[in-house]
Amino acid sequence: MATFNLSKGYDLQLEGQPIKEIIEVTPSDVVKVNPQEYKYIKPKVTVKVEEDVLVGTQLFFDKNNPDIKHVSPCSGKIESIDYGPKRKVLSINIKNDKEYNQVELKDLDNLFSLSSISGLNAQATKAIINESGMWPLIRQRPFSKVANIESKPKSIFVSMSPTDPLALDQLFLLNDSSVGFLEGIDAISNLTDGDINIILNNNQSPSMLDSLDRVKIHYFNGPHPSGNVGIHMHYLDPISSKEDEVWYLTIQDICKIGKLFVDGKINVTKLISMGGPGCDKPSYLKVYDGTPISHINDELELGLDDNSVVISGSVLSGKYININESVGFYHEILTILKNVDERHFLGWLLPGLDKFTLTNTFVSKLLNTNNTINHNMKNGSNRAIVPIGMWEKVLPMDILPNFLIRSILAADIEDMEKLGIYECSEEDFALCSLICQSKVEVSQIIQEGLDLMYEEG
């Protein structure tokens, strides 16, 4: 066990914190599956329009990793397939019959108990998870992509203390539905010879973890991004080369895999946190995978309109979506902001009673009212990178962000490797983008650097 008390970072306190009461959203008429949510894949669709599908029917596979199955989250009929430029698959739309009939899983003829799961070898465990279509739940660093099913990671990480604004309370989640958690831990333990690292903070003490003898418990305390899995890996099991692989999952992923072994069912629901300044009913929602935001809006009467800004994921590192899209496959947060286009004449001269700042530029820093943000807060044009230590102030990693960003912009692969690009992910640098004095999209540049390293092979 190790304890880390981090001081670098910043906790953004958004308005509209969700109430910890779970609202169950009914199945939608149409379910949307977006292959572009998975990084670095080349999808090949295996179904046709008007074809009948069940939960677990393969919809597409990755041409680079054809053995990994990506499956339907509902039963029904393929309504349409949306393509973009160069036949890029944007969305597979399924007319949901709302019965959720499931395919027969050949590798699960016999169900497993907690004691028998640990007796499986890695290959048998992988086969069961992959046949159900749950393998994409497991991601790897570097590159934050679907884990390589043919490899064995150095270790596996499970974070129970996310620090993103509006993040789900993981202990509340576990207390609400812990079925499959212990079985899931045993299952993923079969996939590595290294440690299973579970991350908590000092305010968490789940009694369920006392019975686990195949994991290591660690404590990370401090402001965001101390809850990011990339920060945990940096301190506990650093990635020094492209060949190093560390895998990671969420608590919900663990429970889904565990339930699969226990009852043979493919779980197609998840809990998400919905809130933000533009949300009238901040709460926890239990939704079916692929449910469009428009369905949630209609059912809960959220009143989303043209002045609403919807983000799948964290306000810091999520993705802007329209209401016809669904919450991302890997996202557990639905953030709703207000559309604010107001511009102030000579705004830099105003005291800024409610302006966001981490410096002493505005009075809001002294009044502690500097947490107000909206989606259009760049407040200036791009300019030369001026290193005044702001990035370092919010990045609790032993990395030189200024030099790393410059090496990426120069496409200097050798320097990028020396400066730790393989340990990086765009979400870990989201605060750098938010507070950047030069208006530089730091996290976007980090992703471009990772793309370059991936393409170089």
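Ile 22 stands opposite Tyr 284 in E17. This is a predicted model, in which local features need pLDDT of at least 70 and side-chain atom pairs count only at pLDDT 80 or more, while totals for chains, interfaces and linings use all residues. Residues are numbered from 1 along each chain as its sequence is written, and side-chain values use heavy atoms, leaving out hydrogens and water. Helices (H or I, at least four residues) and strands (E, at least two) are DSSP runs, numbered from the N terminus.

**The sheet**
- Six strands make an open sheet of mixed pairing, ordered E2-E17-E16-E20-E18-E19; two strands pair if DSSP finds at least two bridges between them.
- Strand E2 (19-24) and strand E19 (319-321) are at the edges with a single partner strand each, so one side of each has no neighbour in the sheet.
- E2 and strand E17 (residues 283-288) run parallel and are joined by four bridges.

**Helix H7 and Ile 296**
- Ile 296 belongs to helix H7 (residues 293-300) and is buried, at a relative accessible area of 1% (buried means under 20%, with a 1.4 Å probe and protein chains only).
- Beyond its neighbours within four places in sequence, Ile 296 has contacts (heavy atoms within 4.5 Å) that include Val 25, Leu 285 and Val 287.
- Val 25 is 271 residues from Ile 296 along the chain, yet their C-alpha atoms are separated by 6.9 Å.

**Glu 423**
- Glu 423 sits in the loop between helix H11 (413-418) and helix H12 (430-435).
- Leaving aside neighbours within four places in sequence, Glu 423 is in contact with residues including His 234, Pro 238 and Met 397.

Technical notes:
Buried < 20%, exposed > 50% of the residue type's maximum accessible area, 1.4 Å probe, protein only.
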